[in-house]
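Reader: I am new to reading protein models. Can we go through this one in short steps?

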Amino acid sequence: MTIKVTVNGKAHALRADPATPLLYVLRNELQLNGAKYGCGMGQCGACTVILDGEPAFSCLTPLAAVEGRTVRTVEGLGTADRPSKLQAAFIRHQAAQCGYCIAGMITRAQALLDRHPHPTEQQIRAHMEPNLCRCGTHHRILAAIQDVAGGAA
């Protein structure tokens, strides 16, 4: 079966089992390795992508569910040479320690900022709650997001 999806602005016709998790297609077929396999149960957020403007756990999202939809991964936000404002803020605030969760954190935060450019600290905390950072850099992650949102860091 061929499933059509737009990933980071590029249309793809993917031939895969419709039940295949989006995460596997992103990593194995499209070579987009930003989203990570963390728990496989939607409990950590390392695999978070933006699906039609909303954060989604790609480990739980079957390929069939993205037919005709738009997926944005951390690779679609910026590059190492030209990071997005949010990526640059994460670097500036040293929000990454081991770095495993960061792509998911950034994509979840970007989804919030796309919808609500100036969220309060409480809104940021509530929105980011599903994503875990085992290294404990949550305060730096919050500061990076507040920096872009125009709040006090």
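**Helices and charged pairs**

Reader: Which helices are included in what covers the buried residues of H5?

Author: Helices are DSSP runs (H or I, at least four residues), strands likewise (E, at least two), and both are numbered from the N terminus. Buried means under 20% relative accessible area, exposed over 50%, and partly exposed in between (1.4 Å probe, protein chains only). Cover is judged by contact, with heavy atoms within 4.5 Å. What covers the buried residues of H5 includes H2, H3 and helix H4 (121–128).

Reader: What kind of model is this, and how are residues numbered?

Author: This is a predicted model: local features need pLDDT of at least 70, side-chain atom pairs count only at pLDDT 80 or more, and totals for chains, interfaces and linings use all residues. Side-chain values use heavy atoms, without hydrogens and water, and residues are numbered along each chain as its sequence is written, from 1.

Reader: How far apart are the end C-alpha atoms of H5?

Author: H5 covers residues 138–149, which is 12 residues. The expected span is 1.5 Å times one less than the number of residues. That gives 16 Å for H5, and the end C-alpha atoms agree, at 16 Å.

Reader: Within what arc do the buried residues of H2 fall?

Author: In H2, the buried residues are Leu-86, Gln-87, Ala-89 and Phe-90. They line one face of the helix, because their arc (directions from the helix axis to the C-beta atoms) is limited to 160 degrees.

Reader: Which exposed residues does the other face of H2 carry?

Author: The buried residues of H2 pack against H3 and H5. The face turned away from that buried side carries Lys-85, Ile-91 and Arg-92.

Reader: How many residues apart in sequence are Arg-69 and Asp-52?

Author: Arg-69 and Asp-52 form a salt bridge (a side-chain nitrogen of Lys or Arg within 4 Å of a carboxyl oxygen of Asp or Glu), with the closest N and O atoms 2.7 Å apart. Arg-69 lies in the loop between strand E4 (54–57) and strand E5 (70–72), and Asp-52 in the loop between strand E3 (48–51) and E4. So the pair ties together parts separated in sequence by 17 residues.

Reader: Which helix holds both Glu-121 and Arg-125?

Author: Glu-121 forms a salt bridge with Arg-125, at 2.8 Å between the closest N and O atoms. The two are four residues apart, about one turn of their helix, H4.
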